[in-house]
Each structure stands twice: as C-alpha cells, then as structure tokens.
Amino acid sequence: MVAKILFVDDDPSLLNLYHEELTEEGYNVVVARNGKEAVTRFSRENPNLVILDIRMPEMDGITALNAILGKDRQVPIIFNTAYPQYKENFMTWGADAYVVKSPDLSELKQAIRQVLERKKTV
C-alpha cells in the first residue's frame, strides 16, 4: 500500500520540490499552503502522515497540529521547519518527529520512513 502524505508549507517552491521528491520516493503526496487548508484537506484526504511547517499564514503549524490530532490522535505528524528553537516548545511535542529544513532532504526522508514504520508496528 502506498502511503499518502499531506505536506503543508506556505512556500510554493518548497511545496513543488517536496511534492516532486516525495512522489519519486513512491509516496502519494497532497499539499496544503497553510494550517487552515491542512485541517480541511486532512478531513478529506485521510493521509497516513502529515508534515507541517510551523510559521504559516492563517493558521500556524502548532495550531494545525492540535486541530488534526483532535480529529485523529493516531495520525503521525512531522514538523519540518526552518526554526530549530521550536523543538524546545512543549507545544511541538505532540509531533512524532522534528526536522529542520535543509536543501538535503535525506533527514526528512529518513524521518518519514521511521515514522511510517513505527505506525505499522503499533
């Protein structure tokens, strides 16, 4: 079964890059441009994994995390952000992984594999 990933970021060029890279990895990728759109798409798409940026317009990633977990406490979530200082914020601790954005996507891809593998064993 192909895992469906909801990828959320307000930067259109990053959305395109991540969509392309993760599709090449074999995932079914749907995107959202902010937290509000992510919550709506989450309900419609029923993804196996959500990847959230933190700083976004309309609704930030932390608020979106809480809204999504309010709908489904089992869905794994990865924060993918340019702000490492949020890792110490207890509001981000509900996520399964925290990855600092980098031009090298190997850390994110590894986190995705690990989180999805853990979900299979639960």
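Reader: In which loop is Asn46 found, and is this residue buried or exposed?
Author: In this predicted model, Asn46 is found in the loop that runs between helix 2 and strand 3. Its phi is near 50°, which is a positive value in a residue other than glycine. Because buried residues have under 20% relative accessible area and exposed ones over 50%, the 55% of Asn46 makes this residue exposed.

Reader: In what order do the elements of the chain run from the N terminus on?
Author: The secondary structure of the chain comes to four helices and five strands. Read from the N terminus on, these elements run β-α-β-α-β-α-β-β-α.

Reader: What share of the contacts in the chain with a separation of 6 or more comes from residues 24 or more positions apart?
Author: As background, 48% of the 122 residues of the chain count as buried, while the chain exposes about 6,700 Å², of which carbon and sulfur atoms supply 50%. Among the contacts with a separation of 6 or more, the share that comes from residues 24 or more positions apart is 62%.

Reader: Which element gives the most to the largest nonpolar core?
Author: The largest nonpolar core has 22 residues, and those with the most contacts inside it are Leu6, Val8, Val50, Leu52, Ile77 and Phe79. The elements that give two or more residues to this core are strand 1, strand 2, helix 2, strand 3, helix 3 and strand 4. With five residues, the element that gives the most to this core is helix 3.

Reader: With which residues is Val50 in contact, leaving aside its neighbours within four places in sequence, and how many residues does the other core have?
Author: Val50 is one of the residues with the most contacts inside the largest nonpolar core, and, leaving aside its neighbours within four places in sequence, it is in contact with Leu6, Val8, Phe42, Ile68, Val75, Pro76, Ile77 and Ile78. Apart from this core lies another, which includes Ala3, Ala97, Ala111 and Val115 and has 19 residues.

Reader: Why are the buried residues of helix 3 placed on the same side of the helix, and against which elements do they pack?
Author: The buried residues in helix 3 are Gly61, Ile62, Ala64, Leu65, Ile68 and Leu69. Because they cover an arc of only 155° around the axis, they are on the same side of helix 3. At the start of this helix, a side-chain oxygen of Asp60 reaches to within 2.9 Å of the backbone nitrogen of Ile62. The elements against which the buried residues of helix 3 pack are helix 2, strand 3 and strand 4.

Reader: Is Arg41 buried or exposed, and which residues is it in contact with, leaving aside its neighbours within four places in sequence?
Author: Arg41 lies in helix 2, and because its relative accessibility is 19%, this residue counts as buried. Leaving aside its neighbours within four places in sequence, Arg41 is in contact with Leu6, Val30, Val31, Ala32 and Asn46.

Reader: Which side chain is joined to that of Lys109 by a polar contact of 3.4 Å?
Author: Lys109 lies in helix 4, which spans residues 106-121, and at 14% relative accessibility Lys109 counts as buried. Not counting residues up to four places away in sequence, Lys109 touches Glu21, Leu22 and Glu25. The polar contact of 3.4 Å joins its side chain to that of Glu25.

Reader: How many Å apart in space are Lys119 and Ala38, C-alpha to C-alpha?
Author: The place of Lys119 is also in helix 4, where a relative accessible area of 37% makes this residue partly exposed. Leaving aside its neighbours within four places in sequence, Lys119 is in contact with Asn48 and Pro76. Lys119 and Ala38 are 81 residues apart in sequence, and from C-alpha to C-alpha their separation in space is 21 Å.

How values were computed. Residues numbered from 1 in each chain as written. Predicted model: local features only at pLDDT ≥ 70, side-chain atom pairs only at ≥ 80, totals over all residues. Heavy atoms only, no water. Buried < 20%, exposed > 50% of the residue type's maximum accessible area, 1.4 Å probe, protein only. Polar contact = N/O pair within 3.5 Å; in protein donor to acceptor, adjacent residues only side chain to side chain. Contact = heavy atoms within 4.5 Å. Core = buried A, V, L, I, M, F, W, Y, C linked by side-chain atoms within 4.5 Å. Areas by Shrake-Rupley, 256 points an atom, 1.4 Å probe, with all protein chains shown as cover. Arc of directions from axis to C-beta.
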